Amino acid sequence: MFNKAYIKKFIHDSWIALRPLSLTLAIGSTTLGILAAYQMGAIHFNDPFDLLLIFLITVAGLLAQSGANLVNDYFEGSFRYYRPGGRQIKFLGVVRTYFDVYVFLWAMACFAIAGLIGLFLIYITNLHMLVIGLTGLFIAYAYTGEPFVLKRKGLGVIISFIAMGPLMVLGASFPFTKELSWYPVLLALPASLFIPALMISNEMRDFTRDQRLSIGTLSVRIGSKNSTYLYRTLVFGAYVLTAIYVITGLYHPVALIVFLTLKDALTANQSVTNFEKLGIPYTNRLHWKFTLLLIISLLF
């Protein structure tokens, strides 16, 4: 029978593997996609079926990102869970701990349930939904999953932006609108820019190690200086783009409330520039604050 210490460590390690605080990325993107569909007149909140779709789409987005987090943890983070004398098993050709196997199977379960929801969404729409869903699930696995490991090919920042930004936003709006439109993508773009910024903050934290081990992340390939320039362009570009949207009428002037997060942006930028671990939580906090204020403004 497991003792309390083991159970406590198991729950703690499961929390680390899942990284639930990062799931605000999926919540933000799916919500913005749903809001875009609402503004296009495709959602009626008094319709129970539309409310069911909102729930299913949000859950599918959370499961897809959860699977990506767990796959990342299986291939890159298992060293955190060293258990002296712990039982091991040969799994997928590699000797791993039982906890490692549990993390991988958990990831596959997340993808499977998301896929089942996707099948229902395909049934009520068309094959465009299939392409969106399969592309999203592939990227979620291939970001760090073998044999693809796109992160080490310098593609991590780009594909994370595509998958968690425009693709997820479009995937959230499409079941309602049943049309491929640039409107949801453009509407969510300022918030989506923080997603690749968060990936860069992750790479910058590990920059020295990755450079020493010749791990070809984008930050290693373009250098730390250019990486910080790219990070600033993405973060502060979100504010510039918001202002442009207000001027052109795409956003209501109340959207300027996102500038209340500018202090957080400056703090995150300084932390990432100094290769600090806090750059990741600072950028994540900046994303959800900015996105929440943007969502509130879009209700106008």
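Phe49 is partly exposed, with 39% of relative accessible area, where partly exposed means between buried (under 20%) and exposed (over 50%), using a 1.4 Å probe and protein chains only. The model is predicted, so local features need pLDDT of at least 70 and side-chain atom pairs count only at pLDDT 80 or more, while totals for chains, interfaces and linings use all residues. Residues are numbered from 1 along each chain as its sequence is written, and side-chain values use heavy atoms, leaving out hydrogens and water.

**Aromatic pairs**
- The structure holds 19 aromatic pairs, which are rings of Phe, Tyr and Trp (its six-membered ring) with centres within 6.5 Å, called stacked if the planes are under 30 degrees apart, edge-to-face if over 60, and tilted otherwise.
- Phe49 and Phe120 form an edge-to-face pair, because their ring centres are 6.4 Å apart and their planes stand at 65 degrees.
- Phe49 belongs to helix α3 (residues 48-76) and Phe120 to helix α4 (residues 98-124), so this pair ties together parts 71 residues apart in sequence; helices are DSSP runs of H or I with at least four residues, and strands are runs of E with at least two, numbered from the N terminus.
- Phe120 is partly exposed, at 28% relative accessibility.
- Phe91 and Phe104 are also edge-to-face, since their ring centres lie 5.4 Å apart with planes at 70 degrees.
- This pair ties together strand β1 (residues 88-91), which holds Phe91, and helix α4, which holds Phe104.

**Burial and clustering**
- Phe91 is buried, at 16% relative accessible area, and Phe104 is buried as well, at 9%.
- Both Phe91 and Phe104 belong to one aromatic cluster, whose members include Tyr74 and Phe148.
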